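Visitor: Please give me a close look at one part of this model. Then connect that part to the rest of the chain.

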Amino acid sequence: MELMEFRILGPLEAIDDEQAIPLGGTKQRALLARLLLDSGRAVAGERLVEDLWGETPPETARKMIQVYVSRLRKLLPEGMLQTYPPGYRLTVPPETLDLDRFERLRAAGRRALEEGRSEEAAGDLRAALALWRGRALAEFVA
């Protein structure tokens, strides 16, 4: 079984069995992106409200976060998105997030370059750059 893949180095995408997963509306997508940026760490509900709506969130913002989490849980593998008081934690295997793969390849390329293995360094750095599909999370930048 292939793991679900997450891409944030460009438009947000979740891929399962080589198929793009429909991630819902803008706020739900933004919630997933925000949790991916802190994969493995709990993010407080108040922080999520502020990140998604800014300084003037609607009165229903906390409830809306709960609805988005519920919908995302139906799309994601079981147990990946957990309630973790006082908020939520999304845990994805590092090999499934393009940002983590980029960081590993970049670090490997730099090490190879420092050790004089220029061809290996070039290959690692090219592979790292190939993960980029445009501006990271550009759809969420105002």
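Guide: Helices (H or I, at least four residues) and strands (E, at least two) are DSSP runs, numbered from the N terminus. With that naming, Pro86 sits in the loop between β5 (81-84) and β6 (87-90). Pro85 and Pro86 are joined by a cis peptide bond, with omega about 10°.

The model is predicted: local features need pLDDT of at least 70, side-chain atom pairs count only at pLDDT 80 or more, and totals for chains, interfaces and linings use all residues. Residues are numbered from 1 along each chain as its sequence is written, and side-chain values use heavy atoms, leaving out hydrogens and water.

Now the setting. The chain has five helices and six strands. From the N terminus, the order is β-β-β-α-β-α-α-β-β-α-α. The C-alpha atoms fill a box of roughly 60 × 35 × 25 Å along the principal axes. Average pLDDT (the predictor's confidence in each residue, from 0 to 100) is 94, and 98% of the residues score at least 70. Strand β3 (residues 19-20) has the lowest mean of the elements, 93, while helix α5 (residues 118-130) has the highest, 97. The loop between β2 (13-16) and β3 holds Glu18. Glu18 is not a glycine, yet its phi is positive, about 65°.

The part to look at is α1. Take its helix partner to begin with. The axes of α1 and α3 (residues 61-75) come within 10 Å and cross at roughly 75°. So α1 is roughly perpendicular to α3 (65 to 115 degrees). Axes here are lines fitted to C-alpha atoms over the stretch in contact, with angles from 0 to 180 degrees between N-to-C directions. On the α1 side, Lys27, Gln28, Leu31 and Leu32 make the contact (heavy atoms within 4.5 Å). They meet Ile65, Tyr68, Val69, Arg71, Leu72 and Leu75 of α3. These residues divide into seven nonpolar, one polar and two charged.

Next, the largest pocket. Its volume is about 200 Å³. A pocket is an open set of points on a 1 Å grid where a 1.4 Å probe fits, with protein on both sides within 12 Å along at least five of seven lines; lining residues have an atom within 4 Å of a point. Volume is the space filled by probe spheres set on the points. Helix α1 gives the largest share of the lining, six residues. The lining includes Thr26, Lys27, Ala30, Ala33, Arg34 and Leu37. Asp51, Leu52, Leu137, Glu139, Phe140 and Val141 also line the pocket. Two elements give two or more residues: α1 (26-37) and α2 (45-53). The lining divides into seven nonpolar, one polar and four charged residues.

Notes
Nonpolar A, V, L, I, M, F, W, Y, C, P; charged D, E, K, R; others polar. Parallel < 35°, antiparallel > 145°, perpendicular 65-115°, else oblique.
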